[in-house]
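Please open the structure in your viewer and keep the selection tool at hand. The stops below are to be visited in order.

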Protein chains: 2
Amino acid sequence: MDAIRTRRSIRKYKPAPVPESVLKEVLNAARLAPSADNAQPWKMVVVRDEETKVRLAVASNGQKFIAQASLVLVVCGLPDEAFQTVGGYMSSHVIDATIALDHLTLAAHAQGLGTCWIASFKEDKVREILGIPEDVRVIALTPLGYPDETPEKSPRKNLEELVIFERYQ
Amino acid sequence: MDAIRTRRSIRKYKPAPVPESVLKEVLNAARLAPSADNAQPWKMVVVRDEETKVRLAVASNGQKFIAQASLVLVVCGLPDEAFQTVGGYMSSHVIDATIALDHLTLAAHAQGLGTCWIASFKEDKVREILGIPEDVRVIALTPLGYPDETPEKSPRKNLEELVIFERYQ
């Protein structure tokens, strides 16, 4: 709960590298995430190469801070390995990849690392940069590194706007 | 990290009710979740009514244990309020609703409560039971209550199968 309360989206990073053991710990948090039918239909690409990070920042519609972090994670979903019919209508790969990354962001924060969910990116460009095949979808990116800012809490809706009791309407 | 390591999917529940203050705490964990453009395009329906819980269990392809828990949460995504172009190709409502529920499952575990992501359900039936409008999507359900089992850890892939360095291929 403390990690949830104090986590922030970090958009400014120190150049300090993430130690191997710490990286492994936060990747392990993703690994432990639940998934539909326990299919675990996702992969994460860990990018440390400076030029590739810059290209990913450009592919993320120019969000330059992404390349500042020690590394960038690119989270992919594998529709072909996923549970096909969440709710009878969609593949689970988006949900499963998201749970894994959410676990990782909280574990990273507990380790003093910052992350920032990136939704604004061009999938085809990211695909091209990393050699991601056609049947694999890019769900999200995040920088991962040591924060160089301590942002204020961003506003949230009240519980009354988010929670409904017994019937939607 | 401890919550991530020890959380399990719980499929057997005690009838004990979830105190109001504890419910509020775990819903607050969902409320604090990040979302694309901070749009928070989701709502959770909290169901305590016994008959409605049983109907939701039936709509979840007969997973009876769902109705055993003190309450059932139905997590909805609001495409019309979401960031429209994650990766240039999808609405963020699935990701945003999933992050919120993942936060909640970890906070619930920290409070001694059990949850179980339900992916196998019929959206149209759930919609009918709760009066969920056409423009709102049902992303997941979970029972929420006190566990009456302590399941073993379920197997996970090795990190080597999930993590790739520098390039996908």
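This is a predicted model: local features need pLDDT of at least 70, side-chain atom pairs count only at pLDDT 80 or more; totals for chains, interfaces and linings use all residues.

Residues are numbered from 1 along each chain as its sequence is written, and chains are lettered from A and ligands numbered from 1 in the order in which they are written.

First, select helix α2 (residues 20-31) of chain A. Helices (H or I, at least four residues) and strands (E, at least two) are DSSP runs, numbered from the N terminus. Which residues of α2(A) are buried? Among them are Leu23(A), Val26(A) and Leu27(A); a buried residue has 20 or more other C-beta atoms within 10 Å of its own, with C-beta atoms placed from the backbone. The cover over the buried residues of α2(A) includes α5 (93-110) of chain A and α1 (2-6) of chain B.

Next, select Val74(A). Its contacts (C-beta atoms, placed from the backbone, within 7 Å) include Met44(A), Val126(A) and Leu141(A), not counting residues up to four places away in sequence.

Now display both chains. The contact takes 59 residues from chain A and 59 residues from chain B. On the side of chain B that touches chain A, α5(B) gives the most, with 9 residues.

Finally, select strand β5 (residues 163-165) of chain A, which pairs with β1(B) in the parallel sense over 3 bridges; pairing requires that DSSP finds at least two bridges between two strands. Here Phe165(A) stands opposite Val46(B).

Terms used:
The expected span of a helix is 1.5 Å times one less than its number of residues. A residue is buried if 20 or more other C-beta atoms lie within 10 Å of its own, exposed if 12 or fewer, and partly exposed in between; C-beta atoms are placed from the backbone. Two residues are in contact if their C-beta atoms, placed from the backbone, lie within 7 Å.
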